[in-house]
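Thank you all for making time this morning.

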Amino acid sequence: MPVITNIDDLKRIHRRRVPKMFYDYAESGSWTEQTFRENTSDFDQIRLRQRVAVDMSGRSTKSTMIGEQVAMPVALAPVGLTGMQHADGEMKAARAAEAFGVPFTLSTMSINSIEDVASATNKPFWFQLYTMRDTDYVSRLIERARAAKCSALVITLDLQILGQRHKDIKNGLTAPPKLTPSTIANLATKWRWGIEMLQTKNRSFGNIVGHVKNISDASNLSAWTAEQFDPTLDWGKIAKIKEQWGGKVILKGILDAEDAKMALQVGADAIIVSNHGGRQLDGALSSIRMLPSILDAVGDQVEVHLDSGIRSGQDVLKAMAMGAKGTYIGRAYIYGLGAMGQAGVTRALEVIHKELDTTMALCGETKVTNLGRHNLLVPKNFEGDWQD
C-alpha cells in the first residue's frame, strides 16, 4: 500500500484509477465552479490559536450526531454514483464507516440499493431522499428505508432543478458508461476498475431500476430521472414527508438564515448547512461563511451540521469551533474509495481523525465537544459585508 499522509494522496490515486467521467463527476462544480473552489479556500482564511502547557492526555474525539454516538463528528455524505467509483462502492463505504464508528448516508441516486447496503452492514445507516414527481415511488422509497431500519431520513432541498455541470455533459455521464470511442479509449487504461466492475451485477441505479415501471435500460432511466426532480417542493411537502417518515429527519441544503428558521417550524432534528458541494447554485457563498449567520438564527433549537468543503481534520475542527455539531465528508471519502475501495475509505477516515486529534491537542483541547471560537482566529468581516 502506498504511503498515504493526507487526502490529496488518495485523490491522486483516485484520478489514475477511475474512468474520467466518474472522476470528473466527483471533482467538479456547476457553471464557473466559483462556489466549488471557495468551499475549500474559505477554510484557509480561518487560523488556529496555539496553546501550550496543557495536559494533553486522555484526549477524545467522540461526540454525538442526532443522538447517535460517533467516533468523531464526521458523517459520510450522500454521494450519487458511488458504486461507479469502485465496484459495490456504497456497500464498501458503509462497511468502512460502520467499522470506524461514523454514520454513512446512502444517496437516492446510489448504485447499490437500500437493501444491498442493509445486507452488508449491521448498524442502521441514514438514507438521503430526493423528492420526485412520482409520489408513489417516493412513498415506496420511504417504506423501503424504514424496512431497512435506517435511523434517519436526510431530505435534500437544493436539487429541485439540476445545476449544470459542464464536465458531466461533455463526458456523456451515464451509469453504466455508454461505450463511445472516447469512453472505450479511456476505459482501456482503467483495466483494474473494469475487472472489478465485471465481478458485480450492480452497475445502474439500484434504488430505481426494478422499482419504477418501464425502466429497463439506461436510456429509459436517463429520461425518467431528468424529469423527476420535483420543482414544486415546498415546506408543506417537507412537513408531510416528515410525518410519513415518523423518525428523525435531517434537512440538507440550508444556506440562508430564513430557511434555517423555516426548518425549525417543520420540526427538523438537524439541518445541514450545505451548497451541494458547489454543484448547484454557483456564486453562492461557501458553507463555512454562511454557518455563523445560520447559527445566530436558530441558536441551540436545532442541531446544525456542516457539509461542503471538508478535506481535513483541521477543517472539521474549524467547523466545530465555529459552532457546528457535526460535519460531512463527500469527496474526501470518494477519493479513498476510488483509490483503493473499502480500505481507502478507512484510510481517509484515519487521516482525518489523526489531523483532528493532533490539531485539537495543539490548540490546547482534550475533548472535541469543548471546541469553540476561543480556538480560532477569524478574519474581521469573514462573513462579508453584503448589501441586500
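Predicted model: local features only at pLDDT ≥ 70, side-chain atom pairs only at ≥ 80, totals over all residues.

Cys363 is buried, since its relative accessible area is 4%, where buried means under 20% relative accessible area, exposed means over 50% and partly exposed lies in between, with a 1.4 Å probe and protein chains only. Cys150 is buried too, at a relative accessible area of 8%. The structure holds 0 disulfides, a disulfide being a pair of cysteine sulfur atoms within 2.5 Å.

Residues are numbered from 1 along each chain as its sequence is written, and side-chain values use heavy atoms, with hydrogens and water left out.

Let me turn to the interior. What is a nonpolar core here? It is a set of buried Ala, Val, Leu, Ile, Met, Phe, Trp, Tyr and Cys residues joined through side-chain atoms within 4.5 Å. The largest one has 112 residues, and those with the most contacts inside it are Leu76, Phe104, Leu251 and Ile271. Helix 16, residues 331-362, gives the most to this core, with 14 residues; helices here are DSSP runs of H or I with at least four residues, strands are runs of E with at least two, and both are numbered from the N terminus. A second, separate core has 12 residues, including Ile66, Trp126, Ala270 and Ile272. Setting aside residues up to four places away in sequence, Leu251 touches, among others, Trp235, Ala270, Ile271 and Ile272, contact meaning heavy atoms within 4.5 Å.

Next, the largest pocket. Its lining is made up of 45 residues, and Tyr25, Leu162, Arg165, Asp168 and Arg279 lie nearest the centre; on a 1 Å grid over the protein atoms alone, a pocket is an open set of points where a 1.4 Å probe fits, with protein on both sides within 12 Å along at least five of seven lines, and lining residues have an atom within 4 Å of a point. Helix 11 supplies the largest share of that lining, 5 residues.

Finally, consider Asn186, which lies in helix 9, residues 181-187. Is Asn186 buried or partly exposed? At 23% relative accessibility, Asn186 counts as partly exposed. Beyond its neighbours within four places in sequence, Asn186 is in contact with Pro19 and Lys20.
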